[in-house]
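Take a few minutes to walk through this structure. Keep the sequence beside you as you read.

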Amino acid sequence: MFQVADPIIRLMGLDKAFGSQAVLKGVNLDIERGKITTIIGGSGSGKSVLVKHIIGLLKPDAGQILYEGTDMVSLRPRALSEIRRNFGMLFQHSALFDSMDVEQNIAFPLEEHTKKSRREILSIVKEKLSLLELEGIERKTPSELSGGMRKRVALARAIVLNPQVIIYDEPTTGLDPIMTYNVDQMIKGAQEKLKVTSIVISHDMASTFRISDYIAMLYEGRIIEFGPPDAILSSNKEEVQRFLAASSLPPRAIVASGGEV
Amino acid sequence: MLRAVINFLDELGRIVLMFFQVLYWSFRPPFRFGLFMRSMEFVGVGSLFIIILTGSFTGAVMALQGIYAFGILEMEAMVGGSVALALARELSPVLAALMVTGRVGSSMATEIGTMRVTEQIDAMETLAVNPIQYLIVPRVWATTIMLPALCVIFTFVGMVGCYLVAVVWFQVDYGLFMAYIKSFMGSEDIINGVIKASVFGTGLSVIGCYKGYTADGGARGVGAATTTAVVLASVMIFVLDYLLTAMMF
Ligand SMILES: Nc1ncnc2c1ncn2[C@@H]1O[C@H](COP(=O)(O)OP(=O)(O)OP(=O)(O)O)[C@@H](O)[C@H]1O
Ligand SMILES: [Mg+2]
């Protein structure tokens with residue numbers, strides 16, 4: 001399978017079972033520094049479980065997770081917490097703090113980890129909100145927002161500290177096409193301008209092929225295909241082809257048009 | 001049967017472990033004074049009304065029972081002293097702790113449990129904030145400090161209830177009523193009651209937070225966590241009450 005030149009994260013032989021249900025069965029995956037890697041795969045195939053291992057929320061039954069060469073699995077909580085400052089994660093179901101309003105949610109990482117003044121923090125929050133077209137909702141609580149708005153607030157919270165690695169678990173699910181395009185541009189922009197390493201989970205094949213540098217397909221607990229979008233399109237694996245054929249937009253056409261829909 | 005015992009001991013061990021984790025994270029910066037004050041307000045001010053209500057009725061009913069009992073001996077005036085003693089040593093810490101379990105312990109389990117099943121605790125961890133330090137430490141300290149205060153208030157309003165029944169209603173002599181209180185009660189009775197209350201406060205809040213923190217399985221899981229938290233904390237109060245009483249008196 002495809003080898004990346006400069007991996008920032010390496011997953012080696014990850015096994016994870018919940019009770020008798022084996023979800024990951026020897027996952028090997030390298031994440032290239034400063035690039036966008038998208039993980040695709042069927043619903044329930046274990047994509048969310050996989051990325052939760054990367055950020056240390058779940059411990060594998062076996063295998064290693066190397067971040068810049070250090071094994072995250074055996075780290076003590078405090079050291080893990082140090083490393084996590086380099087990470088941002090957007091949860092599939094947003095996971096906003098529901099006892100806080102939008103402004104407090106986005107300000108939370110800044111208040112915890114920076115010495116910025118209240119004024120600076122508020123102006124950063126405002127800037128992030130306007131970037132995501134969410135002006136004027138500072139005082140609303142998460143329960144007063146639509147699903148798509150929640151997702152964007154969670155996105156703002158995940159990126160507000162400018163982490164080196166951002167994990168997006170379905171960043172565009174539930175967003176309208178224009179907003180999807182904007183979020184795609186944001187992910188792409190962060191990678192191009194700030195050299196952010198991005199790990200994206202997506203069911204949206206159009207945007208996957210638009211933004212990804214690498215695509216990995218998770219199937220039955222293993223990464224069965226990995227490489228640049230072209231390599232995925234021309235994969236000879238039946239499961240990959242079946243997955244692509246079922247997606248609504250024919251991927252070849254998108255790549256051929258240079259990524260513009 | 002054996003399985004159940006082992007599971008119970010396992011759970012108990014985990015709760016004790018949680019207690020030590022709370023201690024560990026209590027003395028490490030950052031100190032979350034704002035969250036602590038908010039918890040104090042929730043536990044203390046929030047429980048004030050229910051404590052005053054239950055306290056005054058407890059004192060009043062104890063007085064009523066006492067009047068009949070002491071009436072047989074024509075010693076009605078002793079009722080104040082005996083009620084004061086019972087309240088300070090036993091009833092105030094236990095009943096106040098039970099009321100706070102119902103109100104505060106359950107809400108801690110629900111709140112933290114909801115955060116757990118909606119991945120808010122995971123999110124907090126990914127933001128490199130320790131959830132035990134952020135969520136649990138302030139709640140445990142607030143309950144540990146506030147429950148003794150509520151216990152003293154419980155005793156005080158209980159005595160007001162007792163006074164109303166005995167002196168105002170049953171015309172017990174006020175001077176004798178007070179004299180017996182003073183001769184029966186020592187400061188160590190109050191102090192011991194207060195110590196009990198703070199131990200109960202630590203216990204019930206650690207249990208409530210622990211059950212929430214380890215909840216899983218959606219709304220039903222949170223409900224189950226809340227129920228077991230209340231049951232476990234109530235049992236803990238009675239067991240510890242026995243042990244502490246055996247040690248102190
Ligand atoms: N905490 C858990 N306890 C038990 N089983 C779990 C847990 N988390 C996930 N699973 C199981 O692991 C499997 C993979 O779940 P996961 O959430 O990773 O799927 P996914 O690939 O992200 O799916 P989707 O695309 O629908 O989000 C599922 O079968 C799920 O039931
Ligand atoms: Mg998922």
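This is a predicted model: local features need pLDDT of at least 70, side-chain atom pairs count only at pLDDT 80 or more; totals for chains, interfaces and linings use all residues.

Residues are numbered from 1 along each chain as written, chains are lettered from A and ligands numbered from 1 in the order written, and side-chain values use heavy atoms, without hydrogens and water.

Which residues surround ligand 1? There are 14, and the closest include Gln21(A), Ser43(A) and Lys47(A). A residue counts as near if one of its heavy atoms lies within 4 Å. Helix H1 (47–54) and strand S2 (21–32) of chain A each supply at least two residues of this shell. Helices (H or I, at least four residues) and strands (E, at least two) are DSSP runs, numbered from the N terminus. H1(A) gives the largest share, three residues.

Now look at single atoms. The side chain of Ser48(A) places an N or O atom 2.7 Å from an oxygen atom of ligand 1. For Gly44(A), a backbone N or O atom lies 2.8 Å from a ligand 1 oxygen. Taken alone, ligand 1 exposes 630 Å², and the protein buries 64% of that. Such areas come from the Shrake-Rupley method with a 1.4 Å probe; for residues, only the protein chains shown count as cover.

Ser48(A) lies in H1 and Gln92(A) in the loop between strand S6 (87–90) and helix H3 (102–113) of chain A, so the pair ties together parts 44 residues apart in sequence.

Next comes the hairpin. S9(A) and S10(A) form it, with two residues between them. Five bridges join these antiparallel strands. Five of the six residues of S10(A) are buried, so this strand is largely enclosed by the rest of the structure. Buried means under 20% relative accessible area, exposed over 50%, partly exposed in between (1.4 Å probe, protein chains only).

Finally, the backbone. Most residues other than glycine have a negative phi, and most peptide bonds are trans. Lys195(A) has a positive phi near 60 degrees and is exposed, at 57%. In chain B, a cis peptide bond joins Pro29(B) and Pro30(B).

Key
A polar contact is a pair of N or O atoms within 3.5 Å; within protein, one must be able to donate a hydrogen and the other to accept it, and residues adjacent in sequence count only if both atoms are side-chain atoms. Two strands pair if DSSP finds at least two bridges between them.
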